[in-house]
Amino acid sequence: MTKTLSVIIPCFRQAHFLGEAIESVLAQTVKADEIIVVNDGSDDNTGEVARKYPVILAEKKNGGLSSARNAGIKVATSQFIQCLDADDILRPDTIKEHMAIADESSIAQCGLMYFGSENAVYRPLGANLETLLHSNTVYCNSVFPKEAWVKAGGYDESDTMRLGLEDWLFWIELCALGLQVKTSPYIALLYRRHANTMTKNTTHPNWNLIVSFMAKKLKEKYGLESHFRLL
């Protein structure tokens, strides 16, 4: 059976980066089966940029990154999902390398490279449920089965998780459901570092609040004891 992939690109006020992100998906050596851009209530020209390309455009009221990803995945018709932030870029063999190791019981992960205000290369160290309950070493563009997303209930859309770390919580939930993390050394994601990132503006200032929420949810839902670092 041929494996299929949908790439989900949420966008909020990043129309100036969006075209480059879409073009990096279109330039893949192995093509995505569909590209879904989610306009998360942007007041810029996100919709106008998206309509220049052969993508599916979903438009919604602003609800944050988890909400936008979930909205795109709901529309997706493929077996596997890859999320790509609108300010990031995929290297040419990203889909090829991820799909080579993707299966219904796994999260498929490759490496990343920071660019912009900081340049650094990170190859995946591997991860499992135990390590993820301490720290996150799974990158945000990793590939996962849509069916696993359904079983986990999607990305957490609560007000607290809207502040960040939503992908970390999602990976823990998938592993709690029995998925394993498989890795490839290929450097797949070009992760843009700039002054306006969600990590700098909302995640780090609210770190303790977010990880406390995560710990409570994981304890109540899965009976898991987490060991997240407090700042």
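Of the contacts in the protein with a separation of 6 or more, 77% are accounted for by residues 24 or more positions apart, a contact being heavy atoms within 4.5 Å. The model is predicted, so local features need pLDDT of at least 70 and side-chain atom pairs count only at pLDDT 80 or more, whereas totals for chains, interfaces and linings use all residues. Residues are numbered from 1 along each chain as its sequence is written, and side-chain values use heavy atoms, with hydrogens and water left out.

**Overall form**

- The secondary structure comes to nine helices and nine strands, taken as DSSP runs numbered from the N terminus, with helices being H or I of at least four residues and strands being E of at least two.
- The radius of gyration is 16 Å, which agrees with the value near 17 Å that a compact globule of 231 residues would have; the radius is taken over C-alpha atoms, and the globule rule is 2.2 Å times the number of residues to the power 0.38.
- Along its principal axes, the C-alpha trace spans about 45 × 40 × 35 Å.

**Surface and burial**

- The accessible surface comes to about 10300 Å², and 52% of this belongs to carbon and sulfur atoms; such areas come from the Shrake-Rupley method with a 1.4 Å probe, and for residues only the protein chains shown count as cover.
- Buried residues make up 55% of the 231 residues, where buried means under 20% relative accessible area, exposed means over 50%, and partly exposed lies in between (1.4 Å probe, protein chains only).
- D40, found in strand β2 (residues 34-40), counts as buried because its relative accessibility is 3%.
- Leaving aside neighbours within four places in sequence, D40 is in contact with C11, F12, K60, K61, N62, G63, G64 and A68.

**Salt bridges across the chain**

- Side chains of opposite charge can pair when their charged atoms come close.
- The count comes to twelve salt bridges, each defined as a side-chain nitrogen of Lys or Arg within 4 Å of a carboxyl oxygen of Asp or Glu.
- D103 forms a salt bridge with K182, the closest N and O atoms being 3.0 Å apart.
- This pair links distant parts of the chain, with D103 in the loop between α4 (94-101) and β6 (106-116) and K182 in strand β9 (residues 180-193), 79 residues apart.
- D103 is partly exposed, with a relative accessible area of 23%, and K182 also counts as partly exposed, at 32% relative accessibility.
- A salt bridge joins the side chains of D156 and K217 (2.7 Å, N to O).
- The two residues are 61 residues apart and again link distant parts of the chain, D156 lying in the loop between α6 (146-152) and α7 (166-176) and K217 in helix α9.
- D156 counts as buried at 12% relative accessibility, and K217 is buried as well, with a relative accessible area of 18%.
- D156 and K217 belong, together with E173 and K221, to a network linked by salt bridges.

**K219 and its surroundings**

- K219 is placed in helix α9 (residues 207-222) and is partly exposed, with a relative accessible area of 43%.
- Not counting residues up to four places away in sequence, K219 touches L224 and E225.
- The side chains of E225 and K219 meet in a salt bridge (2.5 Å, N to O), and E225 counts as partly exposed at 47% relative accessibility.
- The C-alpha atoms of K219 and E166, which are 53 residues apart along the chain, are separated by 17 Å.
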